[in-house]
Amino acid sequence: MTLVDKPADCDVCTALTRQRDAARLAGRHITAQSRNAEIANHRQFFLSIDEIAVGAVVYDQDSDVVGVVRDIRGLLVCLARPTHLTWEAPYARLRPGTEWEVKQLHAPAELQRGRS
């Protein structure tokens, strides 16, 4: 089993590493292997603005919030939340959203639809 080292400042990799270690201690080898695969494939940032697509779910490291890409203006990306919060962020401070973050983003959207 190969371990992939990621920078310690990545909150997702840190959480996945903790989950992997807990699974390994509990003898859940398949879960540990799954977490290793997630760590290895986790992208921590975009290499260029061309990698970002309108409609993609991304995590803004500066504001610590997940959002949906609404527009791209030069090196700035316009983001929005289901609660109608919008903001701009430089693409270099964004990373692709994880599966968990996509689920977190959909929960307020459903709540907002229920309120409308």
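## Terms and model

Buried means under 20% relative accessible area, exposed means over 50%, and partly exposed lies in between, with a 1.4 Å probe and protein chains only. A salt bridge is a side-chain nitrogen of Lys or Arg within 4 Å of a carboxyl oxygen of Asp or Glu.

This is a predicted model, in which local features need pLDDT of at least 70 and side-chain atom pairs count only at pLDDT 80 or more, while totals for chains, interfaces and linings use all residues. Residues are numbered from 1 along each chain as its sequence is written, and side-chain values use heavy atoms, with hydrogens and water left out.

The salt-bridge count comes to six. Glu101 is buried, with a relative accessible area of 6%, and Arg95 is buried at 1%.

## Pairs across the sequence

Strands (E, at least two residues) and helices (H or I, at least four) are DSSP runs, numbered from the N terminus. Arg73 and Glu88 form a salt bridge of 2.9 Å, N to O. Arg73 lies in strand β2 and Glu88 in strand β4, so this pair ties together parts 15 residues apart in sequence. Glu88 is partly exposed, with a relative accessible area of 40%.

Asp62 and Arg93 also form a salt bridge, with their closest N and O atoms 2.8 Å apart. The pair links distant parts of the chain, 31 residues apart: Asp62 is in the loop between β1 (57–60) and β2 (65–73), and Arg93 is in the loop between β4 (86–90) and β5 (94–96). Arg93 is partly exposed, with a relative accessible area of 33%.
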